Amino acid sequence: MAPMSVIEPWDLPDFPFDKELSEDENFLAWAQALARFSVSRKGHMGAILVRPHQQDDEVPSNCMRPLPPADAGKRFTPGAIRERVVVYANNTPLLFNSSPKQVQEIHAEALCISRAARLGRCTAGCTIYITFPPCNECFKSIVAAGIKRCVYRKNIRYPSGEAVLATAAVHGIEMCGTSEQQRPGVSDEQYLVSLSQEKAADGKRDEQTKEFWDSIGETTVVTRNRVNGWWTNFMTSNKAAVRNLQAHFGTSAARRPQKKSLLATGTLGPNRNSTGKDDRHEPSNQADAQISLNTKEQDTAGAACEDDDDDAYMNAVGEAQGKGKRASEEGLLPSTKRPKET
Ligand SMILES: [Zn+2]
């Protein structure tokens, strides 16, 4: 199997469709099988984006279309299935943080949509198969990408999922879970029925998933080694990038005492500007000021701007600019005194 990269999808092995099951069940089982490819350490998720079949307009639109299509034999051939798959993805760590616990991931649905954009493939009118209901953030991308059906394991809870369900209704997106919609006030009996439905549906797909992994001959040990290899590459390349940044900007440990020394010498004042208004949410001063700094001054100001509570320094700069002068002309950079209040 080809090595995995962060952005490029791995090779997609054929997935044998069960002609007795519905198309939705089969695609969902495939997404579930692909979840094992996930390198995420915060939970494995898979998603497949599928374009509609040319005959889909003739099929009544129901959640989890229950029956195999009449032409399952033709539609479920490996070639016919592959032709309809737009993209596929897993939850994937992307934004590097030096602590593995803080690695920020891109979710499978968002990565599917991003990959479609990268590859120039249309997402409008497609169905997305996801191994869990979409989170709010991914759902926004799903809406914006023009996806028309979401099929997922389990179901969206109500009322916690109200925003997603309402938005789906507004945009005409069909939301299809594998179990009954969970709502408040449901009786214990109904809830147990819903759980057993879910378990039965999951059980069928679990069998398909196992068959899939057996068919490509990959054991769990091999998968784990492949995932470990991915992490080694990910950490190596990102740590190298962090080292380069630190060589350029200095480490945060080196910058911190510099800021403290500015405070100690009175270079930095309290957190209020001349009007007494807290300016910490107006960072445009900071950006403008940095443009006007020369190289030597940048080191000092860079340290001074590191935290929100350093903006008294920038307030002085902003005030100078308010008078129609560049901050450097006003002689405020680097600032030695807080300007007089007017
Ligand atoms: Zn998400």
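**Entry 1: a term to settle**

I noted the burial scale before looking anything up: a residue is buried if 20 or more other C-beta atoms lie within 10 Å of its own, exposed if 12 or fewer, and partly exposed in between. I also recorded that the model is predicted.

**Entry 2: Lys154**

I applied the scale to Lys154, which has 17 other C-beta atoms within 10 Å and is therefore partly exposed. I located Lys154 in the loop between β6 and α6. I then looked up its backbone angle: phi of Lys154 is near 60 degrees, a positive value in a residue other than glycine.

**Entry 3: the loop again**

I stayed in the loop between β6 and α6, where Pro159 is also found. I examined the peptide bond that joins Tyr158 and Pro159 and found it to be cis, with omega about 15 degrees.

**Entry 4: the sheet**

I asked in which order the strands of the open sheet lie. I read the order of the 5 strands as β2-β1-β5-β6-β7, with mixed pairing. I identified β2 (85–90) and β7 as the edge strands, since each pairs on one side only. I noted that neighbouring strands of this sheet are turned by 15 degrees against each other on average, direction ignored. As background, I wrote down that strands of a sheet pair through backbone hydrogen bonds, either parallel or antiparallel.

I turned to strand β6 (residues 149–152) and asked which of its residues are buried. I found Arg149 and Val151 buried on one side, and Cys150 and Tyr152 buried on the other, so that both faces of the strand are covered.

I then followed the pairing of β6. Strand β5 (residues 127–130) runs parallel to β6, and 4 bridges join the two. In this pair I found Thr127 opposite Arg149. Strand β7 (residues 174–177) also pairs with β6 in the parallel sense, over 4 bridges. Here I found Arg149 opposite Glu174, and Cys150 opposite Met175.

**Entry 5: the path between the strands**

I traced the chain through β5, helix α5 (residues 136–144) and β6, and recorded a right-handed β-α-β unit. I continued from β6 through helix α6 (residues 162–171) to β7, and this β-α-β crossover is right-handed.

Notes
Residues are numbered from 1 along each chain as its sequence is written. This is a predicted model: local features need pLDDT of at least 70, side-chain atom pairs count only at pLDDT 80 or more; totals for chains, interfaces and linings use all residues. Two strands pair if DSSP finds at least two bridges between them. A crossover is right-handed if, with the strands pointing away from the viewer, the path from the first strand over the helix to the second runs clockwise. Axes are lines fitted to C-alpha atoms, for helices over the stretch in contact, and angles run from 0 to 180 degrees between N-to-C directions.
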